[in-house]
Amino acid sequence: MAASKPYRQWLSTNRIELDTLRSGRKISNSVPDYERRLRAFGFTREDIERTLTPMCMNGAEPTASMGNDTPLAVLSDKPQILFNYFRQQFAQVTNPPIDPIREQLVMSLVSFVGPRPNLLDINNVNPPLRLELSQPILGMEEMAKMRRIDRYTGDKFRSYEIDTTYRVAWGEEGVEARLASLCARAVDAVKDGYNILILTDRKMSEERVAIPMPLAISAIHQHLIAAGLRTNTGLVIETGSAFQTHHMAVLAAYGAEAIHPYLALETIEQLYKPGNPSGIDVKTATQNYIHAIGKTFKKIMSKMGISTYMSYRGAQIFEVLGLDKEFVDRYFPGTSCKV
């Protein structure tokens with residue numbers, strides 16, 4: 001059966017690996033109003049010292065007590081980021097469904113961005129090209145390549161940027177109106193032939209508020225599914241709000257093929273400037289951080305017996321605690337909301 005069709009040849013002709021594309025340019029990740037953005041996106045000193053720093057130093061998430069005893073976001077009288085209302089689900093069995101360390105052979109973080117072929121049509125003469133990522137967290141260079149992907153692939157892939165911020169002056173009602181316009185713009189972009197959509201909140205400022213990225217990605221993902229266009233495009237996230245693995249897992253579970261946590265990467269640049277006391281340079285710290293997220297991602301996936309990132313993406317393996325059911329049914333349909 002393996003020799004009946006030229007599978008290896010098909011694979012090599014129908015995929016482009018992002019790692020093999022060379023830009024030849026030095027990329028700068030300058031973030032304006034860095035300190036103010038940290039506060040706006042809910043970063044705390046504890047997050048940087050207890051979570052980000054150990055990941056950069058050791059290439060693994062910090063060791064903590066067994067079990068998740070974090071207080072529920074809904075019970076707090078302080079503002080909470082949307083990620084905190086999502087709780088990971090896990091298989092209700094006495095032994096883990098998969099051991100991500102011992103059974104690493106069957107675990108994979110490979111992600112494909114772009115149009116998806118018809119899996120049932122094995123004789124497809126001209127299947128769509130796939131853009132392959134070795135893992136879903138994009139560094140600065142990878143994100144720069146994704147922005148100009150048409151240049152590197154001879155227009156086989158085209159990316160379109162969608163700004164997920166809205167004017168402060170619009171008030172609370174502005175969120176729903178902006179989400180509706182984002183969904184319509186995403187549909188128009190796909191129909192115009194753009195096969196990678198980049199959702200970004202970089203344009204956040206004093207005048208513009210960032211829509212929480214889980215809300216933006218889920219609304220657009222579900223709208224494209226309803227329009228029958230989701231398999232025609234890939235969704236890439238560029239956000240300042242995500243910095244730990246739980247945040248990445250929420251974004252992945254609601255449709256993200258790749259994630260660029262630009263504010264977390266800028267924080268790493270600030271922490272590990274030349275001459276810093278740790279002795280680690282920015283490149284090593286960034287690699288350790290991305291490796292730590294990948295390692296923990298496998299652990300999260302294994303809780304439900306999922307072994308590949310592509311299976312986890314869009315799976316919505318979360319339950320919501322403390323958000324209005326009508327809101328969840330509208331923007332996160334299919335998500336468990338028992339309270």
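**A chat about the fold and its aromatic pairs**

Q: Hi! How much of the chain counts as buried?
A: Of its 339 residues, 47% are buried, meaning under 20% relative accessible area with a 1.4 Å probe and protein chains only. This is a predicted model, where local features need pLDDT of at least 70, side-chain atom pairs count only at pLDDT 80 or more, and totals for chains, interfaces and linings use all residues. Residues are numbered from 1 along each chain as its sequence is written, and side-chain values use heavy atoms, with hydrogens and water left out.

Q: Thanks! What secondary structure does the chain have?
A: There are twelve helices and eleven strands, taken as DSSP runs (H or I, at least four residues, for helices; E, at least two, for strands) and numbered from the N terminus.

Q: And why call the chain as compact as a globular protein of that length?
A: Because its radius of gyration is 20 Å, close to the 20 Å from the globule rule for 339 residues. That radius is taken over C-alpha atoms, and the rule is 2.2 Å times the number of residues to the power 0.38. The C-alpha atoms fill a box of roughly 60 × 50 × 45 Å along the principal axes.

Q: What share of the contacts is between residues 24 or more positions apart?
A: Among contacts with a separation of 6 or more, it's 74%; a contact means heavy atoms within 4.5 Å.

Q: Switching to rings: how many aromatic pairs are there?
A: A search of the whole structure finds twelve. Rings of Phe, Tyr and Trp (its six-membered ring) pair if their centres lie within 6.5 Å; planes under 30 degrees apart are stacked, over 60 edge-to-face, and the rest tilted. One of the pairs is Phe-86 with Tyr-254, edge-to-face at 5.6 Å centre to centre and 65 degrees between the planes.

Q: Where do Phe-86 and Tyr-254 sit?
A: Phe-86 is in strand β2 (residues 86–88), while Tyr-254 is in the loop between α8 (245–253) and β10 (258–261), 168 residues apart. Both Phe-86 and Tyr-254 are buried.

Q: What about Phe-297 and Tyr-312?
A: That pair is edge-to-face too, at 5.7 Å centre to centre with 90 degrees between the planes. Phe-297 lies in helix α10 (residues 282–302) and Tyr-312 in helix α11 (residues 309–312), so the pair ties together parts 15 residues apart in sequence. Phe-297 is buried at 1% relative accessibility, and Tyr-312 is buried with a relative accessible area of 2%.

Q: Last one: which residues do ring pairs link into a cluster?
A: Those are Phe-86, Tyr-254, Phe-318, Phe-327, Tyr-331 and Phe-332.

Technical notes: Buried < 20%, exposed > 50% of the residue type's maximum accessible area, 1.4 Å probe, protein only.
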